[in-house]
Amino acid sequence: MKHARQQAILQLLTNQHSITTLALAAQLNVSVETIRRDLNALQTEGKIVRRHGRASTLHDGGEPFRTRLKSHYADKADIARHALNWVEPGMTLALDASSTCFHLARQLPDIPLTVLTNSLPVCQEMARREHIELICSGGRLARTERCYVNPALASLLKSLEIDLFIFSCEGVDARGDMWDSTRHNAAFKAQLLRRAQQSLLLIDKSKFYRASEAKIGNLSQVTQMVTDANIDALQR
């Protein structure tokens with residue numbers, strides 16, 4: 001019964017691309033809680049994405065940057081503030097195009113640093129700092145996500161020694177795999193994870209037990225994590 005219902009959910013999403021939890025419950029004649037359990041299972045398996053009371057197909061793409069920036073705003077800003085403890089003068093940092101890293105960029109002090117990023121908002125923020133050397137990844141601008149997509153990123157990274165890669169992700173599933181909503185952002189993060197001496201994952205509690213379009217890597221590759229989630233509870 002559960003398998004058949006989940007297959008029906010996937011078929012509805014194939015036809016409609018996005019549908020609310022309430023609408024799914026009504027169409028399948030089950031409770032909202034039952035649908036939520038089904039959607040949690042499907043998302044953990046990497047078959048759908050859940051956002052704000054809706055389920056979407058994986059190919060629905062990522063949310064616009066402005067939407068992500070408003071989501072869990074206070075939690076992300078607080079996580080970013082704690083991440084500042086990892087930043088020391090003279091470091092070469094890499095920041096991704098997540099809204100959490102933008103919160104971090106806004107809080108970064110104007111100290112001698114080198115910052116590499118694929119984020120347009122982070123570039124604009126870093127341009128205001130006199131003592132920070134800014135390196136933009138360059139490439140094609142993806143306007144909705146406000147990030148740059150550069151197929152030649154690997155060549156750029158060859159000339160850089162990254163001390164610390166700070167990033168976020170769309171979700172972490174039950175296996176510890178990290179996911180992003182677009183393949184180009186996942187590729188950027190995967191390359192930096194391999195190149196950086198250390199990495200710091202900034203992730204709020206809403207991101208756990210979620211999968212998305214493209215796999216970045218596994219938590220085992222990450223040096224440290226800053227989160228507002230109860231890690232002990234997650235590991236039970």
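A salt bridge is taken here as a side-chain nitrogen of Lys or Arg within 4 Å of a carboxyl oxygen of Asp or Glu. The structure in these views is a predicted model, and by this rule the count comes to 15 salt bridges.

**View 1. The salt bridge between Glu170 and Arg210.** Glu170 and Arg210 form a salt bridge in which the closest N and O atoms are 3.2 Å apart. Because Glu170 lies in the loop between β9 (164-167) and β10 (171-172), and Arg210 in the loop between β12 (198-203) and β13 (214-218), the pair ties together parts that are 40 residues apart in sequence. Glu170 is buried, with a relative accessible area of 10%, and Arg210 likewise counts as buried, at 12% relative accessibility.

View 2. Asp204 forms a salt bridge with Lys207, with 4.0 Å between the closest N and O atoms. Asp204 is buried, its relative accessible area being 2%, and Lys207 also counts as buried, at 11% relative accessibility. Lys205 forms a salt bridge with Asp228, the closest N and O atoms lying 3.1 Å apart. This pair links distant parts of the chain, with Lys205 in the loop between β12 and β13 and Asp228 in the loop between β14 (224-227) and α10 (231-234), 23 residues apart. Lys205 is partly exposed, with a relative accessible area of 46%, and Asp228 is partly exposed as well, with a value of 29%.

View 3. A search of the whole structure finds 2 aromatic pairs. Phe165 and Phe167 form a stacked pair, 4.8 Å from centre to centre and with 5° between the planes. Both residues are buried, Phe165 with a relative accessible area of 0% and Phe167 with a relative accessible area of 0%. Phe165 and Phe188 form an edge-to-face pair, at 6.4 Å centre to centre and with 70° between the planes. Because Phe165 lies in strand β9 and Phe188 in helix α9 (residues 183-195), this pair ties together parts that are 23 residues apart in sequence. Phe188 is buried too, with a relative accessible area of 4%, and Phe165, Phe167 and Phe188 together form one aromatic cluster.

Key:
Residues are numbered from 1 along each chain as its sequence is written. This is a predicted model: local features need pLDDT of at least 70, side-chain atom pairs count only at pLDDT 80 or more; totals for chains, interfaces and linings use all residues. Side-chain values use heavy atoms; hydrogens and water are left out. Helices (H or I, at least four residues) and strands (E, at least two) are DSSP runs, numbered from the N terminus. Buried means under 20% relative accessible area, exposed over 50%, partly exposed in between (1.4 Å probe, protein chains only). Rings of Phe, Tyr and Trp (its six-membered ring) pair if their centres lie within 6.5 Å; planes under 30 degrees apart count as stacked, over 60 as edge-to-face and the rest as tilted.
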